[in-house]
Amino acid sequence: MTGCWHPTPNFTKGRTQAVHWIIVHSTRGGSNDDYTATINWFANPVSQVSSHVLIARDGREARFVADEDTAWHAGAHNPYTLGLEFEQATADTPFTDGQLAKGAEQCHNWLEKFGDIAIVGHENTPQGIQGGKSDPGYLFDWSHFMEMIMADTEARQSIAILKQQESLKAAVGDNDMGVLIARLQYFGVLPVVTVKKPKLDGT
Ligand SMILES: [Zn+2]
């Protein structure tokens, strides 16, 4: 787990149902530092909202609620979902490549932890539709985002197998996946994964 922990009173300890979905949100606070504004909003008991993770436009990551606890981000869906927020001041603010990459990394960590769970936009959930939600919205490049998650997951699956080999364990630290990926790519064991640049022109 990466990212800084920030306290919030707005969550329920534990879960009443198994995790089925990751719900993707964007903050839409209208501030030019919506990352900090959202951290403060989640810390405020008046807001009655939180999420598990928030990703800033520059890739910084804030954590609020443990995966095993229930964040308050999508009403009736809360008990069986993980909340992933992306900083986005307004519906017309583009997401950044680094931000999407960080979010994809978080999603594949959750996929590895919870198994086969769906990733859905808040705007496409029954609660979101009912509440008129439009996040993460038209600038969120789903195909690019899913491509990043799957590419990364495939790489991790290969590494999970290769990690069993003592020679590789001896060669790199167990937890240093970045170094391990780079070495395996260097030796041609893994392909170098390339992804398309996201559209950042606001089209
Ligand atoms: Zn939302």
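Helices (H or I, at least four residues) and strands (E, at least two) are DSSP runs, numbered from the N terminus. Residues are numbered from 1 along each chain as its sequence is written. The model is predicted, and local features need pLDDT of at least 70, side-chain atom pairs count only at pLDDT 80 or more, while totals for chains, interfaces and linings use all residues.

**Confidence and overall make-up**

The predictor's confidence in each residue, from 0 to 100, is called pLDDT; its mean over the chain is 81, and 73% of the residues reach 70 or more. Residues 162-177 stay under 50 in pLDDT, and the model has eleven contacts beyond four places in sequence for them, a contact being two residues whose C-beta atoms, placed from the backbone, lie within 7 Å. Over residues 189-203 the pLDDT is likewise below 50, and this stretch has 25 contacts in the model beyond near neighbours in sequence.

A residue is called buried if 20 or more other C-beta atoms lie within 10 Å of its own, exposed if 12 or fewer, and partly exposed in between, with the C-beta atoms placed from the backbone. By this count, 33% of the 203 residues of the chain are buried. Among contacts between residues at least 6 apart in sequence, 73% join residues at least 24 apart.

**The sheet**

Six strands form an open sheet in the order β1-β5-β4-β7-β3-β8, with mixed pairing, where two strands pair if DSSP finds at least two bridges between them. Its edge strands are β1 (4-5) and β8 (118-121), each of which pairs on one side only.

|---|---|---|---|

Strand β7 (residues 81-86) is mostly covered, since six of its six residues are buried. T81, G83 and E85 point one way from β7, whereas L82, L84 and F86 point the other way, and all are buried.

Helix α2 (residues 97-114) has 18 residues and reaches 25 Å from its first C-alpha to its last, close to the 26 Å expected at 1.5 Å a residue; the expected span is 1.5 Å times one less than the number of residues. Its buried residues are Q99, L100, K102, G103, A104, Q106, C107, H108 and W110. After α2 comes G115, whose phi is positive, near 85°.

A nonpolar core is a set of buried Ala, Val, Leu, Ile, Met, Phe, Trp, Tyr and Cys residues joined through C-beta atoms within 7 Å. The largest such core has 28 residues, of which I22, L84 and A104 touch the most other members. At least two residues of this core come from each of β3, α1, β4, β7, α2 and α4 (142-162), and α2 gives the largest share, four residues. Because domain 1 (4-140) and domain 2 (141-203) both give residues to this core, it lies between them; the domain bounds come from an automatic or database domain assignment.

**S31 and A37**

S31 lies in the loop between β3 and α1 (34-43), while A37 is found in helix α1. Why does S31 count as partly exposed? S31 counts as partly exposed because it has 16 C-beta neighbours inside 10 Å, and A37 counts as partly exposed because it, too, has 16 C-beta neighbours inside 10 Å.

Not counting residues up to four places away in sequence, S31 touches A37 and A89; leaving aside neighbours within four places, A37 is in contact with G29 and S31. From C-alpha to C-alpha, S31 and Q88 are 8.9 Å apart in space, although 57 residues apart in sequence. The C-alpha atoms of A37 and T27, which are ten residues apart along the chain, are separated by 9.2 Å.
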